Amino acid sequence: MDDIDRAILRELQVDGRIPYAELGPKVGLSPSAARLRLQRLTDAKAVQVVGVTDPMAMGHRAMAMLGLHVDGDPRAVADALSRHDEVVYTVLTAGTFDLFVEVVCARPNDLLDFINDVVRPVEGVTAVENFPYFAIHTHRFLWHVG
């Protein structure tokens, strides 16, 4: 991946639907060259262009990262939890926690119920730590490309 590829990715983070006619000149290429570059990156599976939802816009007001301690194989716990709509993703770790689970719920009470009624009863879960956070519309976090 070179500087032009990274520039393309930075522009896509700002606007994933940017027309090639605008993208090309912003990164120093013609529109057709920008299209070919992005196609090469997607064909190589180096990048994926996907839609990302905004939990706040979809009515979710309670979001949290759950840190789980697991007795046994955390992959089984991750598989069990990933079947629930509230779970955005699961991440196996080699750190203090065995598993991280990002969760979105409509209300804070729903988050509490999800933790107590769904997460804690899963076989192997020995402890759950809740790290709630808030989506702020005025700030976007972008991946550092490069």
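Reader: Which residue's side chain meets the side chain of D5 in a salt bridge?
Author: This is a predicted model. D5 belongs to helix α1 (residues 3–14), and its partner, 35 residues apart from it, belongs to helix α3 (residues 31–43). The N to O distance is 2.9 Å, and the partner is R40.

Reader: Is D5 buried or exposed?
Author: The cut-off for buried is under 20% relative accessible area. R40, at 42%, is partly exposed. D5 has a relative accessible area of 2%, so D5 is buried.

Reader: With which residue does R75 form a salt bridge?
Author: R75 is exposed at 52% relative accessibility. The closest N and O atoms are 3.0 Å apart, and the partner is D73.

Reader: In which sense do strands β2 and β3 pair?
Author: Strand β2 covers residues 87–92 and strand β3 residues 99–105. The two form a hairpin with 6 residues between them, and V91 stands opposite F100 in β3. Their pairing runs over 5 bridges, and its sense is antiparallel.

Reader: Is E102 buried or exposed?
Author: E102 is found in strand β3. Beyond its neighbours within four places in sequence, E102 is in contact with A64, M65, E86, V87, V88, Y89 and Y133. Its relative accessibility is 14% and the limit for buried is 20%, so E102 counts as buried.

Reader: What accessible area do V88, Y89 and V91 have together?
Author: Y89 lies in strand β2 and is partly exposed, with a relative accessible area of 36%. V88, Y89 and V91 form a nonpolar patch on the surface, and their accessible area together is about 240 Å².

Reader: Which element supplies the largest share of the largest nonpolar core?
Author: This core has 20 residues, of which L66, L68, V77, L81 and V101 touch the most other members. At least two residues each come from β1 (62–70), α4 (74–82), β3, α5 (108–119) and β4 (125–133). The largest share is 5 residues, and the element that supplies it is β1.

Reader: How many residues are in the second, separate core?
Author: Among its members are A7, A34, L38 and V47. The number of residues in this second core is 12.

Conventions
Residues numbered from 1 in each chain as written. Predicted model: local features only at pLDDT ≥ 70, side-chain atom pairs only at ≥ 80, totals over all residues. Heavy atoms only, no water. Pairing = 2+ DSSP bridges. Helix = DSSP H or I, 4+ residues; strand = E, 2+ residues; numbered from the N terminus. Core = buried A, V, L, I, M, F, W, Y, C linked by side-chain atoms within 4.5 Å. Buried < 20%, exposed > 50% of the residue type's maximum accessible area, 1.4 Å probe, protein only. Contact = heavy atoms within 4.5 Å. Patch = residues over 30% accessible without salt bridge, like charges linked within 9 Å, V, L, I, M, F, W, Y side chains within 5 Å. Areas by Shrake-Rupley, 256 points an atom, 1.4 Å probe, with all protein chains shown as cover. Salt bridge = Lys/Arg side-chain N within 4 Å of Asp/Glu carboxyl O.
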